[in-house]
Amino acid sequence: MFETDERRLAQWERRAEWPLTALAVLFVVAYAWQVLDDRSTSALHDALEIFLWLVWLVFALDYAARLKLAVDKRKFFVTHLFDLLTVVLPMFRQLRVLRLITVFKLLNRRFADKFRQRVGIYAAGVTVLVGLCASLAVLDAERHHPDATITTFGDAAWWTLTTISTVGYGDRYPVTWEGRLVAALLMIGGIALLGVITGTIASWLVDRLSGVEDSVAEAEQTTLAELRLVRAELAELREELRATKS
């Protein structure tokens with residue numbers, strides 16, 4: 001019974017993985033449109049808002065379904081806190097962009113081994129995606145505040161770059177609690193991203209060095225085998241020469 005139920009949970013996650021990823025991508029497009037087109041008509045704004053709430057509802061239903069299918073619900077709750085945060089935190093408008101975490105999880109599971117050989121592509125892609133999300137979220141939170149220093153997407157992108165790289169010039173900074181929460185998440189995410197990149201490079205180098213060591217060991221074994229063969233042939237020749245002389 002336990003294995004059957006867990007198999008059902010795994011099947012649900014496999015089937016829902018790509019549709020949820022597609023929804024997350026559509027979400028970030030709609031969210032970016034809503035944030036960047038601040039002067040859009042009320043009808044368009046309302047349509048985008050309805051779509052964003054529908055996406056949230058789908059993610060909430062997915063989490064509820066997986067929790068129901070899980071046999072050990074306590075273990076599922078503890079091991080899927082990040083998924084719960086992507087459902088709860090986006091209730092705040094500026095943190096809705098956290099639903100794009102689904103894309104990160106999928107990319108990491110599907111392509112980590114392939115991208116490990118292409119560290120630059122993997123790092124650049126994830127950095128751009130994180131930077132875009134943070135820029136949209138902080139701009140959405142800050143631009144209408146009277147004391148805001150981040151009022152355009154250019155300001156938000158510059159602030160994101162200086163924050164995620166840990167430079168922190170201080171010429172642009174969030175003044176709202178929502179913007180500061182985005183900043184905290186970005187700083188934590190930046191450190192985690194650097195750790196992942198460093199670990200990926202280290203793993204790639206270890207694999208490379210292991211391959212070199214294996215090649216050297218194999219070459220040594222081959223050379224030793226050839227030397228033994230040569231010695232055996234020389235010994236036979238000596239025996240033949242001795243037999244001829246006698």
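Colleague: What makes I50, L54, L57 and L61 a nonpolar patch on the surface?

Modeller: In this predicted model, I50, L54, L57 and L61 together have about 380 Å² of accessible area, computed by the Shrake-Rupley method with a 1.4 Å probe, with only the protein chains shown as cover for residues. A patch takes residues with over 30% relative accessible area and no salt bridge, joining nonpolar side chains (Val, Leu, Ile, Met, Phe, Trp, Tyr) within 5 Å and like charges within 9 Å. A salt bridge is a Lys or Arg side-chain nitrogen within 4 Å of an Asp or Glu carboxyl oxygen.

Colleague: Why is L57 called partly exposed?

Modeller: L57 has 40% relative accessibility, so L57 counts as partly exposed; buried means under 20%, exposed over 50%, and partly exposed in between (1.4 Å probe, protein chains only). L57 is found in helix α2, residues 42-69.

Colleague: Is T149 buried or exposed, and why?

Modeller: T149 counts as buried because its relative accessibility is 18%. T149 lies in the loop between α6 (119-142) and α7 (153-164).

Colleague: Which residues does T149 touch?

Modeller: Leaving aside residues up to four places away in sequence, T149 touches D155, D171, R172 and Y173; contact means heavy atoms within 4.5 Å. The T149 side chain also reaches the backbone oxygen of Y173 at 2.8 Å.

Colleague: What rules apply to the numbering and the values?

Modeller: Residues are numbered from 1 along each chain as its sequence is written. In this predicted model, local features need pLDDT of at least 70 and side-chain atom pairs count only at pLDDT 80 or more, while totals for chains, interfaces and linings use all residues, and side-chain values use heavy atoms, without hydrogens and water.

How values were computed:
Helix = DSSP H or I, 4+ residues; strand = E, 2+ residues; numbered from the N terminus. Polar contact = N/O pair within 3.5 Å; in protein donor to acceptor, adjacent residues only side chain to side chain.
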